[in-house]
Amino acid sequence: MNLFFEESGDFKAGSIMTHAGEAYQVEMASGKRTKVKAKDVLLQFASPDPASLIEQAKAAAAEIDLEFLWEVAGQEEFGFAELGTEYFGHAPQPVEAAGLIYALHNAPVYFYKKGRGRYKAAPEASLKAALAGIEKKKQQALIQAGYVEELKQNRLPDAMKSLALQLLFKPDKNSIEYKALAEACDAMQMSPQRLMLAVGGIASPKHLHLARFHYEHFPKGVGFPAITLPALPTDLPVADVQAFSIDDVTTTEIDDAFSVVDLGNGQLRVGIHIAAPALGIQRGDAIDQMARGRMSTVYMPGDKITMLPDELVNVYTLGAGQTRPAVSLYATLNTEDWSVISTETKVEAVPMASNLRHNDLDALVTEDNLANDAGEYPHKADIAQLWKWALVLEQGRMVKRESFGMKPEQNNRVDFNFYVEDDVVSIVRRKRGAPLDKIVAELMIFANSTWGKLMADHGIPGIYRAQGVAGGRGPGGWTARMQVRMLTHAAPHQGLGVDQYAWSTSPLRRYTDLVNQWQIIACVQHGITAPLVATFKPKDADLFAIVSGFDAAYAAYADFQNNMERYWCLRWLGQQEQRQVEAVVLKDEVLRLVDIPLIIRLPGMPQTARGAQVRLDILRWDEVDLEVEARLLELLSTVTELEEEELDDETSTEVAEDFSAEEGAPVAETAAETAAETAAETAAEAESATTEVETEVETELSNELANDDANTSDKEQSQA
C-alpha cells in the first residue's frame with residue numbers, strides 16, 4: 001500500500017513500511033524513510049507506484065479547467081474528494097484525486113485553502129480582481145521585456161526618457177522601468193550609469209556628475225522662486241572714498257573692496273569695505289530661508305550655483321561706478337612702522353571706482369615692480385601702500401603663529417585655475433603668494449579677526465573658525481591633528497596666527513558671513529545694548545543648528561567641486577592628447593601631475609623620495625568613475641620642493657576652508673582667508689603629532705584639491 005501525503009507545504013508519495021497507531025513509516029522512491037502522521041495523509045492507493053503517481057497527477061492537474069472547476073465548487077467549503085466526484089462524475093481514481101489536489105493547491109486565486117485537503121472557492125468579485133491583477137502583471141511583463149530588448153540594442157524606450165535621471169538617483173524599484181533597467185544591466189554586465197550613457201539617457205559624464213549632485217542636494221532644482229527685492233537703504237552716509245575691488249575675471253559676486261586715504265603726518269587710513277546684504281535680508285524672511293537652505297554658493301569649473309538669486313546679488317554687489325551699502329572697517333596706520341593706531345567700523349554707502357581683475361594686473365603687479373615703482377596700472381599708489389601693510393600683517397601673524405609653537409607658512413606652491421568655455425577646459429598655473437593675492441588675503445584675515453573681537457567685546461555670539469584650542473596641541477587636546485572647527489564664541493586660530501577669526505567678508509556667497517554681518521551691524525548701531533537687539537542673542541540654539549548645517553553643506557559642496565575638477569583634469573588629458581606626462585611624488589604610490597592638479601595612484605610604485613619627478617604613460621582614464629591608470633616610464637633627475645602642507649594633503653580632509661572658486665576658477669575669493677589661511681592651517685596639521693593616512697587612497701585622490709586651505713585661499717581670491 002502507498003500513501004500520498006502533505007509535508008512542509010509540498011506533496012509526496014511513498015510506500016508504507018509499518019503502521020503503528022497514528023503514524024506510518026514510509027519509504028520514498030529515493031530509498032529514504034520518513035515518519036508520516038495520519039492527519040497528513042490525503043490518499044492511500046495500491047497503484048500506480050508512488051513515483052508514477054506524482055508524475056501522472058501533475059500531468060492531470062495541468063488538464064483541469066480551473067474556471068469550470070470553480071463553477072462546480074460553489075461557495076461552500078469542500079473536501080477535495082467531494083469536489084472530485086462532482087467534477088469527474090465518479091469517485092476520483094488515485095491519479096485523478098492527486099491531480100485535483102495539485103490543481104486546487106496551485107490555484108490560490110481560485111481556491112482558498114482551509115485545512116488538509118479542504119478548500120473554499122474565492123468570491124466572484126475577489127476572483128475577478130485577482131485575475132485582472134494577474135493579467136496586468138502579464139502585460140507589464142511583456143512591456144518590461146520589450147524595454148529590456150530596446151536597451152540591449154542601445155535604444156532608450158520612449159517611456160523611460162523622462163525618467164532617466166530618476167531611475168539612476170531616486171528610482172521607484174517597483175516600477176517596470178526600473179526593473180527593465182536592472183534586468184538589462186545584468187544581461188549586459190554594465191552599471192546603470194554606463195548603460196544610461198550608452199543609450200542616450202544622459203548626454204555625457206559631466207551631466208551625470210551634475211545630475212547626481214542636483215538630485216542629492218537640490219532636488220527641487222537650482223533655480224529660485226520669484227522674490228521681492230528689498231529696497232536699498234537711503235539714509236546711509238556716503239563714504240568719502242573711491243573704493244576698488246581685486247577679483248578674478250570671472251567673478252560676479254563682488255563682496256569686498258578697498259580704499260586708501262592719506263591723512264598726512266605719516267598716517268594712512270585703509271578701508272576694507274564689505275557688501276552689506278544683511279541690511280536688506282531679515283532673519284526668517286523668504287530670502288533668508290533661500291540662503292539658509294543652500295548655506296553657500298557652489299563652485300565648479302565653468303559654472304556655479306549661487307546662494308542668493310542673481311537679481312539680489314546685482315543689487316548688493318560692489319560694481320564699478322555704483323554706490324552700494326557696505327560694512328566698512330577703517331584702520332588708521334602709522335606708515336613709519338605700519339602699526340595700527342586705531343580701527344573703526346561703519347555702516348555706510350561706498351562709491352566704487354573700479355573693479356580690478358587679476359588677468360589684467362598679475363603680470364604688472366609683481367614684487368619687483370612694487371619694489372622699483374615700475375609699471376602703470378589703476379590705483380598703483382594705493383596698491384603699493386596696501387602691499388607694504390600686507391607684508392607687515394603677514395609678519396605679525398607669523399610671530400603670533402610661532403608663539404603658538406607652529407612653523408612659519410610657506411608660499412612657494414603653485415595653484416591651478418580652471419576655465420571652461422564651450423566644453424573646452426584650460427588649466428592655468430598660478431603661483432601662490434602673488435602680491436595681489438597676499439594683499440587681499442592679509443586684509444581679509446585682518447577684517448575677520450578684528451570683527452570677531454568686536455562681537456566678542458560686545459558680548460554677542462558669532463560663528464568663529466578655531467584651530468588648536470581647548471586643550472592645546474598635546475594628546476589631551478580636542479584633536480591631535482589641529483583640525484579646524486566652528487564655534488559660536490571667540491577662540492584662537494593658531495594656524496592663522498590670530499586670537500579669533502570669524503568669517504565675515506563674503507556675505508553674498510556664504511551664510512556664516514551673512515549671520516556674522518547681522519551681528520556686526522548690531523554692534524555698530526547699538527553699542528553696549530547689542531546683546532539685547534542682535535539678530536542672534538546669547539545662547540541662541542539656532543546658531544548651533546546653523547553651524548552644523550553649514551559644515552555638512554560646505555563639506556558636500558567641496559567634495560562635489562573636487563570631483564568636477566578631477567573630471568575636467570581628465571577632459572584636459574583627452575583634449576591635449578596627453579599620454580606621456582610628468583608627475584611629482586606626494587607620498588608612496590600617490591602622485592600629482594606637474595601640469596594639472598590631477599592626483600593618481602600608481603600601484604607597485606618603487607620607493608621614491610617625496611618631491612621626486614617621474615615620467616608616466618597614461619594608459620586609460622574613466623570620466624564616469626574618475627579613475628586613471630598609468631605606468632611608470634622613468635625616474636627624472638628633477639626634484640620638486642613640496643611644502644609641508646602639500647606632503648600631507650592626501651591625509652587631511654579638514655584643511656580646505658574656503659572652497660569656492662568663482663566660476664570654477666580656483667582663485668580664492670578671499671585670498672586673505674585663504675592664501676594665508678590655507679597655508680597656515682595645512683602647515684599646522686603637517687606639523688601636528690600624527691601623519692597617518694586617515695582616508696582610503698581613493699578618497700585621497702578625489703579630495704586632494706580640497707584638502708589644503710592654501711589651494712582654497714587662492715581659489716577664493718577671485719571672489720575677494
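Threonine 366 is partly exposed, because its relative accessibility is 25%, a value that falls between the under 20% of buried residues and the over 50% of exposed ones. In this predicted model, the residue sits in the loop that joins helix 13 (358–361) to helix 14 (367–372). A polar atom of the threonine 366 side chain lies 3.1 Å from the backbone nitrogen of asparagine 369.

Is helix 16 enclosed or open? Of its 23 residues, 19 are buried, so the rest of the structure largely encloses it. Just after helix 16 comes glycine 459, with a positive phi of about 75 degrees.

Now for the charged side chains: the whole structure holds 33 salt bridges. One of them pairs arginine 116 with glutamate 6, with 3.2 Å between the closest N and O atoms. These partners come from distant parts of the chain, 110 residues apart: glutamate 6 belongs to strand 1 (residues 2–7), while arginine 116 is in the loop between strand 7 (111–115) and strand 8 (118–121). Glutamate 6 counts as buried because its relative accessibility is 4%, whereas arginine 116, at 41%, is partly exposed. Both belong to a network of salt bridges that also includes Lys39, Asp40 and Lys113.

Another salt bridge joins lysine 380 and aspartate 373, at 3.4 Å from N to O. Here lysine 380 is buried at 15% relative accessibility, and aspartate 373 is exposed at 56%. Glutamate 589 and arginine 601 form a further one, their closest N and O atoms being 3.1 Å apart. Glutamate 589 is in the loop between strand 20 (580–587) and strand 21 (590–593) and arginine 601 is in strand 22 (residues 599–601), so this pair ties together parts 12 residues apart in sequence.

What about the cysteines? A search of the whole structure finds 0 disulfides. Cysteine 185 is buried, with 5% relative accessible area, and cysteine 569 is buried at 0%.

Finally, a word on confidence. The protein chain has an average pLDDT of 84, and 86% of the residues score at least 70. Residues 470–480, however, have pLDDT below 50, and residues 644–720 stay under 50 too. Where pLDDT is low, the predicted coordinates should not be read in detail.

How values were computed:
Residues numbered from 1 in each chain as written. Predicted model: local features only at pLDDT ≥ 70, side-chain atom pairs only at ≥ 80, totals over all residues. Heavy atoms only, no water. pLDDT = per-residue confidence, 0-100. Contact = heavy atoms within 4.5 Å. Helix = DSSP H or I, 4+ residues; strand = E, 2+ residues; numbered from the N terminus. Buried < 20%, exposed > 50% of the residue type's maximum accessible area, 1.4 Å probe, protein only. Polar contact = N/O pair within 3.5 Å; in protein donor to acceptor, adjacent residues only side chain to side chain. Disulfide = S-S within 2.5 Å. Salt bridge = Lys/Arg side-chain N within 4 Å of Asp/Glu carboxyl O.
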